[in-house]
Amino acid sequence: MKRSDLLNKMLDWHCECDILVIGGGATGLGTAVDAASRGYRVILLEQHDFAKGTSSRSTKLVHGGVRYLAQGDIQMVVEALHERGRMRQNAPHLVKDMRFIIGNYRWWEKPFYTIGLTCYDILAGHLGLGRSLPMLKRTVRKEIPGIKQEHLRGGVVYHDGQFDDARMAVTLALTAIDNGGICLNYMQVKCLCKNSSGRVNGVRAVDMLSGDEYSLKAKVVVNATGVFVDDIMKMDAENSKKKIRPSQGVHLVLDSRFLGGHSALMIPKTKDGRVLFGVPWHGKVVLGTTDTPLNESSLEPRALEDEVDFILEQAGQYLDKKPSRKDVLSVFAGLRPLAAPAHADSKKTKEISRNHKIYKSKSGLLTITGGKWTTYRAMAEEAVDLAIDLGGLKSAKCVTKHLKVHGYAKKVVDDSDWDYVYGSDVEKIHNLLKEDSRFGNMLCEDYTFTAAHVVWAVREEFAQSVEDVLARRVRALFMDAKAAICMAPKVASIMAIELGKDSVWEQQQVDDFVKLAKGYLLD
């Protein structure tokens, strides 16, 4: 289904729906899936591309949160562990079980972490992924050859989930559409509409691609715009208090040789009191993250020099080969939409709860904020339950606990091959080669991305720009920014043919992407 088909469907609905969702990140897309799968008419509007912001810039973990367990937030950990299990069951081609290893360098660490992580396993119940166990020194070295050997005594292994965040977001958009919903990227909400009683009953939005404007009516409007929820709330009430405290998390991507195995490294306590991860991801290693409070939100946040230095320094203390700036293939930053603390003088964002919050304004605008990727489904369920009451909708039970996502495939191709992220759609991508053998051409000799992946992204996944493809459909920008820059001209050429664009558009796309991608490189 093309984007134009969804626009026509919206017109067929006379631009009216039961639930209108603003925001195409994890929370908004989850809400659209929940509402559509219950049988409601739902329209989701995203001002840029799906998962353009925070939802494509995570540590790539589906986890309960070991750090939150240490802080005593048991309720949140239990919910997240159960949701982790459901994500694994409903999207096995995107969410996989990963072994995380804590290297032990002091005598007390092995029993301490074994006991604590056993509690983590118990809290997961029947949705657990595997047992936490102590490890011998030689076993740790075998699983993570790149771990610092000096004074290593052994380790503890535990299990958590790993996934591709942007691919999950695209999959959720397709899942909502499969269930009858409408999800539109590049549709920016300009203002909220209200009836004579002052109740929110829709929005005015502009198509950022065509310039066309639309007045959309809805029984309930859900504000799920992440770090931008305050902007939408101010459209509702100019004097609305800020609900968000943005916190920046930076990640560095390195070659896989820095870990050398398939297991992840977990550093339980850095000098700022956070945890640091080294996570294998698409043949690379993602190092992160930081927790830096910011005053402003941006679609393209940039890593601060101090954040980069911090990650390199901390990781270097636990790796045999200390990474340097020249080893960084890509650096990306994301903003966490943390619920603002009650006390304005609270400056440490790592101490702000990751629990989500839902607000209902006097005019009936429903705003959901906070939370994390792992709990997106539970957050969406709660939001839709409230929307049903608020909009006087006919009651329908949530079905997403066991809803298989688009492309569901239990047996996937080797996850060292990029194609695994497509699940059951992979055969359709391979069939594109029957249409044109040139679709098998590689975008770059060092990666397995082909012209077919670009064609599929345009035809089936609503990609509208080179950035959409290289950042969020095939993830090249996040894996290796220099390689992504080299791929850009080929991608633009393929997209120009698919979208019917001219050479001016093609060159502008390349120029825009190169400018963007340079921000993912360290000088």
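In this predicted model, Lys194 forms a salt bridge with Asp236, and the closest N and O atoms of the two side chains are 3.1 Å apart. Because Lys194 belongs to strand β8 (residues 187-194) and Asp236 to helix α8 (residues 229-236), the pair ties together parts that are 42 residues apart in sequence.

- Strand β8, which holds Lys194, runs antiparallel to strand β9 (residues 200-207), and seven bridges join the two strands.
- Within this pairing, Leu192 has Val203 in β9 as its bridge partner.
- The two strands form a hairpin with five residues between them, and Gly198 in the turn has a positive phi of about 85 degrees.

**Other salt bridges**

- The count of salt bridges in the model comes to 36.
- Glu305 and Arg325 meet through their side chains in a salt bridge, with an N to O distance of 2.9 Å.
- This pair links distant parts of the chain, 20 residues apart, with Glu305 in helix α9 (residues 305-316) and Arg325 in the loop between α9 and β16 (330-339).
- Both partners fall in the intermediate class of accessibility: Glu305 is partly exposed with a relative accessible area of 46%, and Arg325 is partly exposed with 27%.
- Arg459 forms a salt bridge with Glu435, for which the closest N and O atoms are 2.8 Å apart.
- Since Arg459 lies in helix α12 (residues 451-460) and Glu435 in helix α11 (residues 426-435), this pair ties together parts that are 24 residues apart in sequence.
- Arg459 is partly exposed, with a relative accessible area of 21%, and Glu435 likewise counts as partly exposed, at 49% relative accessibility.

- A network of salt bridges links Asp49, Lys52, Arg57, Glu300, Arg302, Glu467, Asp468, Arg472 and Arg473.
- Glu467, Asp468, Arg472 and Arg473, which take part in that network, are also among the buried residues of α13.
- The buried residues of α13 pack against several helices, namely α7 (165-178), α12, α14 (476-479), α15 (481-499) and α16 (503-517).
- After α13 comes Arg475, whose phi is positive, near 65 degrees.

**The second largest pocket**

- The volume of the second largest pocket is about 640 Å³.
- Its lining has 25 residues, of which Phe112, Tyr113, Ile267, Pro268 and Lys269 are the closest to the centre of the pocket.
- Two or more lining residues are given by each of α3 (66-70), β4 (95-104), α5 (109-124) and β12 (264-267), and the largest share, five residues, comes from α5.
- By residue type, the lining of this pocket divides into 15 nonpolar, five polar and five charged residues.

Definitions and conventions: Residues numbered from 1 in each chain as written. Predicted model: local features only at pLDDT ≥ 70, side-chain atom pairs only at ≥ 80, totals over all residues. Heavy atoms only, no water. Salt bridge = Lys/Arg side-chain N within 4 Å of Asp/Glu carboxyl O. Helix = DSSP H or I, 4+ residues; strand = E, 2+ residues; numbered from the N terminus. Buried < 20%, exposed > 50% of the residue type's maximum accessible area, 1.4 Å probe, protein only. Contact = heavy atoms within 4.5 Å. 1 Å grid on protein atoms, 1.4 Å probe; cavity = no way out; pocket = protein on both sides within 12 Å on 5 of 7 lines; lining within 4 Å. Points joined across faces, edges and corners; volume = space filled by probe spheres on them. Nonpolar A, V, L, I, M, F, W, Y, C, P; charged D, E, K, R; others polar. Pairing = 2+ DSSP bridges.
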